Amino acid sequence: MPKFLVIQTAFIGDVVLATALIEKLHAHYPDAQIDFLVRKGNEALLAGHPWLHEVLVWDKKQNKQRNLLRLLRRIRHEKYDKLINVQRFAATGILTAFSGAKETIGFDKNPLSRFFTHRIPHLIGSKHEVERNQTLIAAFTDDKPAKPRLYPTKTAEEKVARYKTGPYITVSPASVWFTKQYPKEKWASFIAKLPPDLTVYLLGAPSDKQLCTDIINAASEPKGANIDLNKAETPTIINLSGELTFLQSAALQTGAAMNYVNDSAPMHFASAVNAPVTAVYCSTIPGFGFGPLSDKSFIVETPEPLECRPCGLHGYKACPLGHFNCAYKIQDRQLLQTYLPHII
């Protein structure tokens with residue numbers, strides 16, 4: 001029975017996309033032991049995963065180096081047949097190079113890749129991230145990538161069942177990066193134009209609760225020039241930020257008529273449960289390789305070409321030019337059309 005270890009210690013969305021490797025490995029080696037290494041906090045994404053033997057966790061916030069050495073000893077003890085490192089940083093390069101695995105595979109941009117058995121070119125812009133990751137295992141599977149997959153547990157499904165009693169959409173308005181986050185007043189303007197018989201669930205982390213509250217207040221008491229003041233009623237808006245786990249949020253997305261997201265982790269949640277999704281791109285572009293993968297998916301971005309866009313791969317804490325036109329040039333109807341196609 002072959003033993004595999006996949007390493008992805010980056011952010012939440014990166015881990016979700018790397019689950020495509022689990023799907024592919026299991027399809028080709030159904031009896032294999034597949035382990036997965038993540039940073040502390042992301043292990044909840046993989047709770048109850050049917051194809052994983054064990055999830056290893058690296059605590060990077062406390063005793064980072066000591067915990068890294070502990071992990072290395074544990075990895076060496078396992079004697080993996082193949083170690084697949086999706087990360088491109090030195091720490092995981094150390095785990096890979098000194099793992100004792102029969103084969104070690106990683107991207108050439110990892111500073112320790114010269115010590116890997118196989119170094120795979122990493123090219124931004126030419127492929128989707130799942131395609132880039134697939135090149136790591138193509139030699140012993142095939143060159144066709146699987147889709148990422150999350151498996152909401154029965155407990156997660158039961159938690160959100162009470163929210164699925166009528167037509168609803170979800171909106172995940174936050175992002176780590178300011179220039180990847182659609183402005184709250186723009187979210188409010190869009191939500192205020194939705195049908196009154198619809199329920200809108202706002203999703204996010206505990207730290208997003210105030211943002212969601214601001215959106216609810218702005219949408220419920222429209223004052224801005226972009227709000228339809230002739231519209232008598234607004235939809236029911238419920239703030240669930242900080243109330244749901246990763247898998248519970250994904251479970252709620254599966255029943256939504258549409259899920260509205262930024263270029264951020266909730267987009268990948270939707271892809272991983274094949275839920276309908278509308279991804280709003282501000283400073284970044286789908287061409288970087290992190291677009292939605294759901295069967296029903298839409299891209300919303302400024303209809304006007306901007307010389308300053310994209311301004312970076314990950315976004316910034318503020319618009320470098322101060323105007324944030326990549327967000328403010330987007331129109332409400334662009335978002336509305338993906339839920340209400342008859343809108344012109």
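The points below are grouped by topic. The model is predicted, and its largest nonpolar core has 38 residues, while the structure also holds 11 aromatic pairs.

**Nonpolar cores**
- In the largest nonpolar core, the residues with the most contacts inside it are Leu25, Phe36, Ile84, Leu136 and Leu150.
- Several elements give two or more residues to this core, among them β1, β2, α8 and α9, and the largest share, six residues, comes from α1.
- A second, separate core of 32 residues includes Val171, Ala192, Phe324 and Ala327.
- Leaving aside its neighbours within four places in sequence, Leu150 is in contact with residues including Val16, Leu247 and Phe269.

**One side of helix α3**
- In helix α3, which spans residues 90-97, Thr92, Gly93, Leu95 and Thr96 are buried, and because they cover an arc of only 160 degrees around the axis, they lie on the same side of α3.
- These buried residues pack against β1, β2, α2, β4 and β5.

**Aromatic rings**
- Phe4 and Phe140 form a stacked pair, with 6.1 Å centre to centre and 5 degrees between the planes; since Phe4 lies in strand β1 and Phe140 in the loop between α4 and α5, the pair ties together parts that are 136 residues apart in sequence.
- Both Phe4 and Phe140 are buried, and Lys82 lies over the face of Phe140, at 4.5 Å from the ring centre.
- The rings of Phe246 and Phe269 have their planes at 55 degrees, so this pair is tilted, and it links helix α8 with helix α9.
- Phe246 counts as partly exposed at 23% relative accessibility, whereas Phe269, at 5%, counts as buried.

Definitions and conventions:
Residues are numbered from 1 along each chain as its sequence is written. This is a predicted model: local features need pLDDT of at least 70, side-chain atom pairs count only at pLDDT 80 or more; totals for chains, interfaces and linings use all residues. Side-chain values use heavy atoms; hydrogens and water are left out. Buried means under 20% relative accessible area, exposed over 50%, partly exposed in between (1.4 Å probe, protein chains only). Helices (H or I, at least four residues) and strands (E, at least two) are DSSP runs, numbered from the N terminus. The arc is that of the directions from the helix axis to the C-beta atoms. Contact means heavy atoms within 4.5 Å. A nonpolar core is a set of buried Ala, Val, Leu, Ile, Met, Phe, Trp, Tyr and Cys residues joined through side-chain atoms within 4.5 Å. Rings of Phe, Tyr and Trp (its six-membered ring) pair if their centres lie within 6.5 Å; planes under 30 degrees apart count as stacked, over 60 as edge-to-face and the rest as tilted. A charge sits over a ring if NZ of Lys or CZ of Arg is within 6 Å of the ring centre and within 35 degrees of the ring normal.
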